[in-house]
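These are my notebook entries on one structure. I looked up charged pairs, aromatic rings and the sheet, in that order.

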Amino acid sequence: MVTEFIDELPPSGGRRSVEDRELLTRFAADLKANPGRWAAYPLPQSHQGARACGSRISRGDMKTFPAGFEAVTRRKVLYVRYVGK
């Protein structure tokens, strides 16, 4: 076995990188441009993480996904849609 060293740790799970935030902002805009249509959440999630994130989205508790978005988990995949306010 070869030990792999890294110079910097990846961001902690609690904070999103700038790239992730931009990706989610574009994703939310795409959903708003296609109301009622489901799309798979673009960031990887564990099954429990997907359920928790989906719950926060449906409650409007995420800045990027305010009221008007719905989310469900099917077969460990988080799906989101915009239905309007």
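**Entry 1, salt bridges.** I searched the whole structure and got two salt bridges (a side-chain nitrogen of Lys or Arg within 4 Å of a carboxyl oxygen of Asp or Glu). The model is predicted, so local features need pLDDT of at least 70 and side-chain atom pairs count only at pLDDT 80 or more, while totals for chains, interfaces and linings use all residues. Residues are numbered from 1 along each chain as its sequence is written, and side-chain values use heavy atoms, with hydrogens and water left out.

Strands (E, at least two residues) and helices (H or I, at least four) are DSSP runs, numbered from the N terminus.

I then looked up accessibility: buried means under 20% relative accessible area, exposed over 50%, and partly exposed in between (1.4 Å probe, protein chains only). R81 is partly exposed at 23%, and E70 is partly exposed at 31%. D61 is partly exposed too, at 40%.

The whole structure has five aromatic pairs. Rings of Phe, Tyr and Trp (its six-membered ring) pair if their centres lie within 6.5 Å; planes under 30 degrees apart are stacked, over 60 edge-to-face, and the rest tilted.

F27 sits in helix 1 (residues 18-33) and Y41 in the loop between strand 1 (39-40) and helix 2 (47-59), 14 residues apart. F27 and Y41 are buried.

F27 and F65 also have centres 6.2 Å apart, with planes at 70°, so this pair is edge-to-face. F65 is in the loop between helix 2 and strand 2, 38 residues from F27. One aromatic cluster takes in F27, Y41, F65, F69 and Y82.

I found an open sheet of three strands in the order 1-3-2, with antiparallel pairing (two strands pair if DSSP finds at least two bridges between them). Strand 1 and strand 2 are at the edges with a single partner strand each, so one side of each lacks a neighbour in the sheet. Strand 1 pairs with strand 3 over two bridges; A40 has Y79 in strand 3 as its bridge partner.
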